[in-house]
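User: I would like to learn how to read a structural model step by step, from single residues up to the whole chain. Could you take me through one?

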Amino acid sequence: MPSELISVGAWSFAVAVAGGLAGLVLGNLRLPVVLQFSSSAAAGAGANVAISAASALTASIAHWRGDRIDWRLFWLMAPPSLLGGIAGGVVSGLLPQRLLLGVIALVVLYGALEISRQRPSPDPQRASKGGWAVAVAIAFAVGVLGGLVGLILGTLRLPAMVRWLGTAPKAAVGTNAATGVVVGVGGLLGHVAGGVDWDLLAAGCAGAVPGAYLGAHLTGRLDDRALLQAISIILLVAGLALAVQAVVG
């Protein structure tokens, strides 16, 4: 129905503006609306992860043009994120997803608190202070958790990049978005065999692509302090949404 597709497109736009700003895809915020109109849970999840990939790609292009991607950090984190996602997907049926969502919600909420306390560095161009092993470990661990629950989980990776790797806020936003592209494409490939609601995918992308582009451009207009506060608020909303999903299933 046209009204259903319009609803998916409009909500995808709103989610993508916030996600593009913070370097997140926020698939957990979009998923309930997509599932409401999907032909099956699997087809809806496939459409949602594809919308996430398109949103992340669009935002990444804007962040790349704004010189907000740390490519060294990207190449450290993208491969283990993808491998972790595959590993998590393989064993996803062995653990209760509601419990996992609850744990992830608590970690995201803690990340929101840590980001709100973070103070911008006097040198916004500083390099990441964390070693390569820390970056790889974070990426793989977040990838595994994402694979377990079917989400990209940039909401976990982003605060870890800022807090534990010392990445400048704008570089963390851009690098996290670029990493989300790789994870999202991997997730889409995993869902193709189970079917994808292509009409919902098209409607979601129609809203998410311009929304992500707009949000990513807003990133460049904020100073680091304002950006950290915006990220903290977005993580708070995402964490609360995960907590609700963990409770209601």
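User: Which residues does L201 touch, not counting residues up to four places away in sequence?

Analyst: Please keep in mind that this is a predicted model. Leaving out residues up to four places away in sequence, L201 touches A47, A50, I51 and V196. L201 itself has its place in helix α9, which covers residues 198–219.

User: Is L201 buried or exposed?

Analyst: The reading rests on relative accessible area, where buried means under 20%. L201 has a relative accessible area of 12%, and it is therefore buried.

User: What separates the C-alpha atoms of L201 and L5?

Analyst: Here one sets the spatial separation beside the separation in sequence. L201 and L5 are 196 residues apart along the chain, while their C-alpha atoms are separated by 9.3 Å.

User: Where is Q245 placed, and which residues does it touch?

Analyst: Q245 belongs to helix α10, made up of residues 224–248, and it touches N28, P32 and L101 when residues up to four places away in sequence are not counted. For N28 there is also a polar detail, in that a polar atom of the Q245 side chain lies 2.8 Å from the backbone oxygen of N28.

User: Why is Q245 counted as buried?

Analyst: The relative accessible area of Q245 is 16%, so Q245 counts as buried, since the cut-off for that word is under 20%.

User: How many helices and strands does the secondary structure of the chain come to?

Analyst: The count is 10 helices and 0 strands, and the pattern read along the sequence is accordingly written α-α-α-α-α-α-α-α-α-α.

User: What percentage of the residues is buried, and what share of the contacts comes from residues 24 or more positions apart?

Analyst: Buried residues make up 52% of the 249 residues. Among contacts with a separation of 6 or more, 85% are between residues 24 or more positions apart.

How values were computed: Residues numbered from 1 in each chain as written. Predicted model: local features only at pLDDT ≥ 70, side-chain atom pairs only at ≥ 80, totals over all residues. Heavy atoms only, no water. Helix = DSSP H or I, 4+ residues; strand = E, 2+ residues; numbered from the N terminus. Buried < 20%, exposed > 50% of the residue type's maximum accessible area, 1.4 Å probe, protein only. Contact = heavy atoms within 4.5 Å. Polar contact = N/O pair within 3.5 Å; in protein donor to acceptor, adjacent residues only side chain to side chain.
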